[in-house]
Amino acid sequence: MNRVHKLSTASPARRTTFSEEPVRSEPAVVEGKDDKKSSARWLQNIDVYSWIKDVTPFEWDILLASTCFKLLLFPAYRSTDFEVHRNWLAITHSLPISQWYHDTTSEWTLDYPPFFAYFEKLLSIPAHFIDPKIVELTNLNYDAWSVVVYQRMTVIITELVLATALQRFIRGAADPPMQRIISASLFLHPGFLIVDHIHFQYNGFMFGILLWSLLMARNGNKLASGFFFAVLLNFKHIYMYLAPAYFVYLLRAFCLSPSGELLPARFLSLANAVILVFTASLGPFLLMGQLPQLLSRLFPFTRGLNHAYWAPNFWALVTATDRVLLKVAHVFSIQSLHVNVSGVASTSRGLVGDTVFAVIPNIKPIHTFIITIAFQLIFLTKLWRTPTYKSFLAALTLCGYTSYMFGWHVHEKAILLVLVPLSLLSAENNAYFRTFTIASISGVYSLFPLLFTAAETPVKIGYSLVWAVLTIQPLSKRVYEFPMSLPWVILDSLERLYLAGFVVLQAFVTLFPLLTRSQAASKAGSAFEFLPLMLTSVYCAVGLVWAFIRLSVIYLRQT
Amino acid sequence: MYKQGLRHHVIPLIILSSALIKWCIGLGSYSGRGTAPMFGDYEAQRHWMELTIHLPTNKWYTYDLQYWGLDYPPLTAYVSWLCGIMGSWIDSSWLALDASRGIETQGSKNFMRSTVLLWDALTYTPAVLYFVKIWLRNRSPKTQHVATMVLLLQPALLLVDFGHFQYNSVMLGFTLLAMSFFAAGRDLWGAVFFVLSLGFKQMALYYAPAIGSYLIAKCLSLGPHNGPKLFIRLGLVTTASFAVIFLPFLPPLSPFPAILQPIHRIFPFQRGLFEDKVANFWCASNVVLKWRIWMQQDTLIKLSALFTVAGFLPGIGGMIYSGYKLRATYPAPVLPLLPYALLTSSMSFFLFSFQVHEKTILVPLLPLTLLLSGAASSSFTFQLGALVNNVALFSMWPLLQRDGLALQYIAAMLLWNRLIGYNPFKLRQKSLMEYFSVTILSLCTMLHVLEIMVPPSPRLPDIYPVLNVLLSTPVFGITWLWSIKRSIEVSWGLGVLGLHTKPQEAIQSEAGSIISVEDDRSLVGGNSSGVGLVHSASRSLSLRTRSLGYGAEKRPSLRSGSFSGET
């Protein structure tokens, strides 16, 4: 599909400057009265047969082999998210739309934006035919084989959105063999395997939309890029982390001419597209006067700084420092240090709830917000000055990364927001590649605690290992440069040492419960339980913070 | 892969991936899950761990025989004992005597699954690596890697061992090691490993005529001086190995009748001609010929023995005759016959012998997959090997379905066929064999679809298993006949049968291009040289390896290349 599209827009765009980019074909996308019409246009372009013919044997191999493997994971552990999504199937199927965001039959209330609710509604129709019990509202914690197969299957099938986007990325890439490695590595990403195919979510599908949006940006079709991103935001609002970069990029590179003048036609078409998407999504709830209710579901500001398991970000390091300082204060009985008594009991066990520091001054949501915005502004300024696709990718990654690093109540799964766009940059040069390696390995490792069951432990470790070798080895073969001066040699060795440390960490995490079995049974069990988690979090945080600094410096120094 | 600096990572990656897949198959259900009071093979294996760690050896073969009494040879018992020791160190409740019967906790399941993976990693995996190193030593690294993958991911074995739950890979691994030791010229080690295989599971007996005749042929070929010497040594080593395995049941350690306990348990002639539905001669012909009504059990036993012997006689006869004709030549000139003889012998046991289980198809499947692993994708061997592997899996469908492994069945089958690049449904010029494969596989698919769409009528509750048997048996029968035909051809190629060929040269070239495992079209023509065929084999292999990402492409426009891309 969209081969015509590309010819008419992308190729001239490469030759010329921004201002000369043809706008002609773009209104085609927003011409329609609503997004359904425009998607009908889209569908016309999609010739399924030619698309299938276009898939290379290599791509079939990846798709089939990974699908077979994912089938084997059907009986694997699944988190409560599985029941969350089943409940949403039931809500959207058995209740009228006005009740969707009000229902509290299950504790897992609907808290994704409306597009996702529509999506669940769509999925609930075949579900009803396969097993009516799936969509029964009161049938809580239903876990028959039928619902497992159905829900797991929908994850695999909707992930084709990701597959097609990645496949399109290879076509028309500057360096197709390189892009092929990156595409394959993204499709097979252990993050998706762990979070989607075992833990259970639909990230593959939604990152597929993100990648379609990025693909459009790469092909010079910025309007479509903005459209897709607006759609994505209405599927899952966590992608707001990335919104600032989109805003700046589209404003600067699409709505303004290089000299800084506003191009009204473009601005209006983009605004219309976005407004249309939001109207289609929120419109019904706006009419029913449910917007406040909907928003209160989407943004529950009642959580603590850290999640139960500290997401390995800046705050994990701060929290860990606080713990260490507390110990120091205890050992040396420093009176001058002000110890917050309530903080002593808090967080050491990693319970859900507000994190209260014992030594370090407490953090409020507004602090995290200010820090995040401040960092993002730095990167966005750079993006404003160099509004190219690559610069956009880097700024996008950094936007997500900043939110992950300093955000309030960040979940470890959010690391995918960083790893996915970063992967697209991994083959740029050695610096990006190194950053990618460190971030990916620590990021993927930080997802391991999501699967705490023994049966899945070999799966997550083995799969990630295979993936890492298959991704990093060929990339490194292409872009690795030997460090030329002493400081770089030292840095290189330190980074290698850090990566090797994961083996030791895993050995510790595996053996620790076995060694402390006897103590754990008697007393202080939970403290022992939490130590491996804390170590994992802190160790991964070191790598992720370092990769963040690395990426920031690389981006800001880039000309 | 080769261009991306992954060359040295290929074998470890294959091993790791195959272990991963095996473990993931194990995430699913197993035989007899939740079916009290008897459960299934899973419980049997677990029960043996339980009884071996809690009881003295003289009770092993006599304790509560009604509840999964031990009926495998002692090596299985020792392995169970070792696993049991480890398991009860982790959690003794998993293996408490009697109290743990039918235990189905997640922890005990993980433990049981990990023991299969462990023993597989200790026996079958190294055996495959060694086999590839020895038997395919003159082949390209690509061929070797493909062969490793073909053998490590063989779906029938994966599903029975890691899904249904058994330890067949240990028995098969020992036999495979024995074969490789024979090929390496270390016959005594080979004999030891074959005894280990027999000592682990009596099904290895299906191979015994082939192995025995190979060793006799080898002795014959060594001539009047060295031959008897090797023969005596082999005899001593074999007896000693058996003695070691059965040591706790032999006179100094226990009274004489003790040895009869395991023997009785291992060879259950008191059971029926076949169990359930199995795709062999007896069960298939039972549709029309009611053997069990017409004849006494004794007669049936004799008849099945006669048929079995008649079935493997061509294989071992050919082998011994070749050995005699090729005497005084070195290295072991009859070696190329060994895989075919193993196939003939094991397949005839499967088709004709007494008390065969559907899972036993794994035994003839091993030599066939070995032949397949080195064959070119256009060759008859490859086509037949791949077909039989699929049909064998299909023949176990009723069993796997009962175990709740339908999903794993589909996934493992698709994965393996994709990896080896087998797709007879592809539109292209087809050989007769491919038409045959397409027909059989379409029928299998249709049967699956029918089974979903139309429930069996009450009058014919077993209609689907019976149709399954009727469909699978002819394929196995053809494989058996083919193996005999190939034995004759290979003997011919070795210069045994041809009048005008010079045995010496034939042997030289055969030994040079070791070994037998190719598709020898040239041999069919009476030409004994193996050179031409190595050529053709490697040419078409590159096609087959396409799907594995090894680079060489037929369609240059749609380069696939490796995981990691291409220049």
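Modeller: The account below begins with one helix of chain A and then turns to other local features. The model is predicted.

Of the 15 residues of helix 6 of chain A, 12 are buried, so the helix is largely enclosed by the rest of the structure. The buried residues include Asp81(A), Phe82(A), Glu83(A), Val84(A) and His85(A); Trp88(A), Leu89(A) and Ile91(A) are also among them. The packing partners of these buried residues are helix 7 (114-130), helix 8 (145-158) and helix 11 (190-200) of chain A. At the N-terminal end, helix 6 of chain A is capped by Ser79(A), a side-chain oxygen of which lies 3.0 Å from the backbone nitrogen of Asp81(A).

Phe200(A) is not a glycine, yet its phi is positive, at about 95°. Phe200(A) counts as buried because its relative accessibility is 0%.

Another part of chain A is helix 24, residues 486-515, where Leu497(A) is placed. With 59% relative accessibility, Leu497(A) counts as exposed. Leu497(A) belongs to a nonpolar surface patch of about 800 Å², whose other members include Phe482(A), Met484(A) and Ile490(A).

The side chains of Glu495(A) and Arg434(A) meet, with an N to O distance of 2.9 Å. This pair links distant parts of the chain, since Arg434(A) is in helix 22 (residues 430-447) of chain A and Glu495(A) is in helix 24 of chain A, 61 residues apart. Both partners are buried: Arg434(A) has a relative accessible area of 7%, and Glu495(A) has one of 4%.

Over all chains, the structure holds 23 salt bridges. In chain B, Glu50(B) and Arg46(B) form one of them, their closest N and O atoms being 2.8 Å apart. Glu50(B) and Arg46(B) are separated by about one helical turn because they are 4 residues apart in helix 2 (residues 41-54) of chain B. Glu50(B) and Arg46(B) are both buried.

A further salt bridge joins the side chains of Asp64(B) and Arg101(B), at 2.9 Å from N to O. Here too the pair links distant parts of the chain, 37 residues apart. Asp64(B) lies in the loop between helix 3 (57-60) and helix 4 (74-90) of chain B, and Arg101(B) lies in the loop between helix 4 and helix 5 (106-135) of chain B. Asp64(B), at 32% relative accessibility, counts as partly exposed, and Arg101(B), at 25%, also counts as partly exposed.

The loop between helix 4 and helix 5 of chain B also holds Asp98(B). Although Asp98(B) is not a glycine, it has a positive phi of about 60°. Asp98(B) counts as partly exposed at 36% relative accessibility. Finally, the peptide bond from Ala36(B) to Pro37(B) is cis, with omega near 5°, and Pro37(B) is placed in the loop between helix 1 (10-26) and helix 2 of chain B.

Methods: Residues are numbered from 1 along each chain as its sequence is written. Chains are lettered from A and ligands numbered from 1 in the order in which they are written. This is a predicted model: local features need pLDDT of at least 70, side-chain atom pairs count only at pLDDT 80 or more; totals for chains, interfaces and linings use all residues. Side-chain values use heavy atoms; hydrogens and water are left out. Patches are made of residues with over 30% relative accessible area and no salt bridge: like charges are joined within 9 Å, nonpolar side chains (Val, Leu, Ile, Met, Phe, Trp, Tyr) within 5 Å. Accessible areas come from the Shrake-Rupley method with a 1.4 Å probe; for residues, only the protein chains shown count as cover. A salt bridge is a side-chain nitrogen of Lys or Arg within 4 Å of a carboxyl oxygen of Asp or Glu. Helices (H or I, at least four residues) and strands (E, at least two) are DSSP runs, numbered from the N terminus. Buried means under 20% relative accessible area, exposed over 50%, partly exposed in between (1.4 Å probe, protein chains only). Contact means heavy atoms within 4.5 Å. A polar contact is a pair of N or O atoms within 3.5 Å; within protein, one must be able to donate a hydrogen and the other to accept it, and residues adjacent in sequence count only if both atoms are side-chain atoms.
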